[in-house]
Amino acid sequence: LHAALKYSANDTVKMLTLFGLNRYYVETNRDSAMYHIEKAIAIAYKINQPLWVAGFLLNKSYLIQKQSNYSLSFKLCNEALAIIQDKKNEKGAYIPPDDEFAADVEKFRISRKVGVFHQLGNTYRGAGNPEKAIEYFKKVILIQEEIKSKYGNVTANMNIGSIYFSMEKLDSALI
């Protein structure tokens with residue numbers, strides 16, 4: 001990834017490579033992850049890819065939330081949601097050819113809400129509001145069903161179960 005970043009002249013490739021580096025470092029070196037996501041955000045703005053900006057803001061929110069800065073994490077989620085809710089941001093959106101919604105830019109945009117609501121769930125959980133976290137993880141499931149995503153809701157269901165388990169609501173956790 002570092003070599004691809006160094007030698008690429010294409011901004012879209014650079015943006016995606018920076019995203020890959022962010023994902024590589026996200027759990028092992030959060031400073032490097034933050035550095036790479038900040039660079040990705042700058043390129044996404046430069047090449048007018050607001051849906052990617054929104055996704056990268058969520059990656060930044062995740063890193064911020066891990067530092068227990070919940071107010072900034074919420075702010076970044078809300079910024080991302082505002083971008084995603086604006087249909088005009090579909091125009092000229094880069095969609096990777098292997099994305100399940102490569103042929104449907106509207107579903108691609110709507111699918112980005114999954115990330116927003118998932119991160120809001122994470123942030124509410126971290127901030128000590130498990131009921132609100134469950135509410136947002138359930139929204140993830142509803143959106144996945146609405147757009148008929150072929151990907152399951154494993155992570156959302158896992159998080160809901162984990163929260164119920166920590167609340168000692170074992171029957172709910174099992175469901």
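Select Lys-138, Ile-141, Asn-157, Ile-160, Gly-161, Tyr-164, Ser-172, Ala-173 and Ile-175, and you have the residues that line the second largest pocket of this predicted model. Helix 7, helix 8 and helix 9 (170-174) are the elements that give two or more residues to this lining, and helix 8 gives the most, with four residues. A pocket here is found on a 1 Å grid over the protein atoms alone, as an open set of points where a 1.4 Å probe fits, with protein on both sides within 12 Å along at least five of seven lines, and lining residues have an atom within 4 Å of a point. Helices are DSSP runs (H or I, at least four residues), numbered from the N terminus.

Before going on, note that residues are numbered from 1 along each chain as its sequence is written. Because the model is predicted, local features need pLDDT of at least 70 and side-chain atom pairs count only at pLDDT 80 or more, while totals for chains, interfaces and linings use all residues, and side-chain values use heavy atoms, with hydrogens and water left out.

Coloured by residue type, the lining of the second largest pocket divides into five nonpolar residues, three polar and one charged; Ala, Val, Leu, Ile, Met, Phe, Trp, Tyr, Cys and Pro count as nonpolar, Asp, Glu, Lys and Arg as charged, and the others, Gly among them, as polar. The volume of the second largest pocket is about 150 Å³, where a volume is the space filled by probe spheres set on grid points that are joined across faces, edges and corners.

Next, select Phe-19, Arg-23, Arg-112, Val-114 and Gly-115, which lie nearest the centre of the largest pocket, among the 35 residues that line it. This largest pocket holds about 1,200 Å³ of space. At least two residues of its lining come from each of helix 2 (11-25), helix 4 (50-65), helix 6 (105-126), helix 7 (130-146) and helix 8 (154-166), and helix 6 gives the most, with eight residues. By type, the lining of the largest pocket is made up of 16 nonpolar, 13 polar and six charged residues.

Now show helix 2 together with helix 3 (residues 30-46), which pack with their axes 8 Å apart at an angle of about 160 degrees. Axes are lines fitted to C-alpha atoms, for helices over the stretch in contact, and angles run from 0 to 180 degrees between N-to-C directions. Helix 2 and helix 3 are therefore roughly antiparallel to each other, a term for angles over 145 degrees, with those under 35 counted as roughly parallel, 65 to 115 as roughly perpendicular and the rest as oblique.

Within helix 3, pick out Ile-37, which counts as buried at 0% relative accessibility. Buried means under 20% relative accessible area, exposed over 50%, and partly exposed in between (1.4 Å probe, protein chains only). A distance drawn from the C-alpha atom of Ile-37 to that of Met-15, 22 residues apart along the chain, comes to 8.9 Å. Move on to Ile-47, in the loop between helix 3 and helix 4, which counts as partly exposed at 23% relative accessibility. Ile-47 and Tyr-94 are 47 residues apart in sequence, and their C-alpha atoms are 10 Å apart in space.

Lys-148 sits in the loop between helix 7 and helix 8 and is exposed, with a relative accessible area of 67%. Although Lys-148 is not a glycine, its phi is positive, at about 55 degrees, and its C-alpha atom is separated by 32 Å from that of His-36, 112 residues apart along the chain. Glu-168, found in the loop between helix 8 and helix 9, likewise has a positive phi, near 60 degrees, in a residue other than glycine, and Glu-168 is exposed, with a relative accessible area of 70%.
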